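Trainee: Could you show me how to read a pocket and a helix pair?

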Amino acid sequence: MTRVVGQLLLANLLMFVVTRGNLTLFSQLSLVPAQVLVKPWTLITYQFLHDPGGFSHIFFNMLALFFFGPKLEMRLGSRTFLKLYLTAGLVGAIVHILWTFLMMSRGGLYVPMVGASAAVYGVLFAYARFWPRDRVLIWFVIPVQIRFLVIFFTLISLWSGLGGVGGGVAHFAHLGGFLGGWLYLRVRAARSPAAQFRKQSESGLGERDLTVKWRQIEPASLHPVNRAEYERIADKVRQLGWAALTDRERTFVERFGGG
């Protein structure tokens with residue numbers, strides 16, 4: 001058990017117990033599409049509520065969080081994992097609201113939505129992103145790779161949502177959870193130091209910039225391996241000019257040229 005997963009499990013269980021006996025509080029924290037502008041906090045609070053009429057809703061959501069959350073939290077770090085979880089839940093809510101307004105279902109506009117499903121779907125997607133070939137046991141019997149489970153849930157949610165097979169389930173919120181998980185990982189990857197360095201390298205430097213950076217390199221301070229590479233590149237530049245450098249060689253100049 002990891003820290004944030006444990007806290008999320010506890011928060012959901014506590015809210016389940018508290019709101020079962022307080023329908024007024026449950027109503028104030030539930031997400032109602034037609035009321036989201038006057039109750040914006042429900043975009044977050046709905047994620048910690050579950051159907052007070054039974055235990056299956058919260059049981060399966062928390063079971064999935066328990067199985068997939070800890071390994072993912074250790075991979076991403078606690079703060080990043082929490083951001084992923086909340087982002088998936090938020091995007092799930094937005095997708096559900098947009099779809100409800102698009103369908104112009106007056107009844108649907110006033111139907112409250114609760115549950116951590118969208119957030120958990122985001123966790124499931126991220127888990128499949130990092131460990132696509134890990135296997136889970138469906139009904140504790142049938143082994144299925146996690147990547148195929150995500151595809152299956154996506155198809156089921158699309159078929160059920162577009163086909164009107166509601167059954168009191170916000171299928172497009174589930175799809176929004178997958179989307180939120182994908183978006184968060186995408187943005188996180190784009191902002192990573194490695195991505196920034198790669199972007200800078202791919203943009204390329206002009207001959208003048210390369211010359212400036214090259215002059216800033218101090219060969220004597222380099223490791224022998226890097227010094228040998230420096231001398232090889234120097235010979236190449238003298239013979240063929242800067243235009244002959246490969247992307248890897250330009251990256252070397254950028255890295256050791258500083259600035």
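Mentor: Start with naming: helices are DSSP runs of H or I with at least four residues, numbered from the N terminus. The model is predicted, so local features need pLDDT of at least 70 and side-chain atom pairs 80 or more, while totals for chains, interfaces and linings use all residues. Residues count from 1 along each chain as its sequence is written, and side-chain values use heavy atoms, without hydrogens or water.

Trainee: Which residues line the second largest pocket?

Mentor: Rolling a water-sized probe over the atoms shows where empty space is left. A pocket here is an open set of points on a 1 Å grid over the protein atoms alone, where a 1.4 Å probe fits, with protein on both sides within 12 Å along at least five of seven lines; lining residues have an atom within 4 Å of a point. Here the lining is Phe125, Arg129, Phe130, Trp182, Leu185, Arg186, Arg188, Ala189 and Ser192. Helices H7 (117–130) and H9 (171–190) each give two or more of these residues, and H9 gives the most, with 5.

Trainee: How do the axes of H1 and H4 cross?

Mentor: Two packed helices are described by the angle and the distance between their axes. The axes of H1 (residues 3–20) and H4 (residues 56–76), lines fitted to C-alpha atoms over the stretch in contact with angles from 0 to 180 degrees between N-to-C directions, come within 8 Å and cross at roughly 165°. The pair is therefore roughly antiparallel (over 145 degrees). In contact (heavy atoms within 4.5 Å), H1 residues including Leu8, Leu9 and Phe16 meet H4 residues including Met62, Leu65 and Phe66.

Terms used: Angles under 35 degrees count as roughly parallel, over 145 as roughly antiparallel, 65 to 115 as roughly perpendicular and the rest as oblique.
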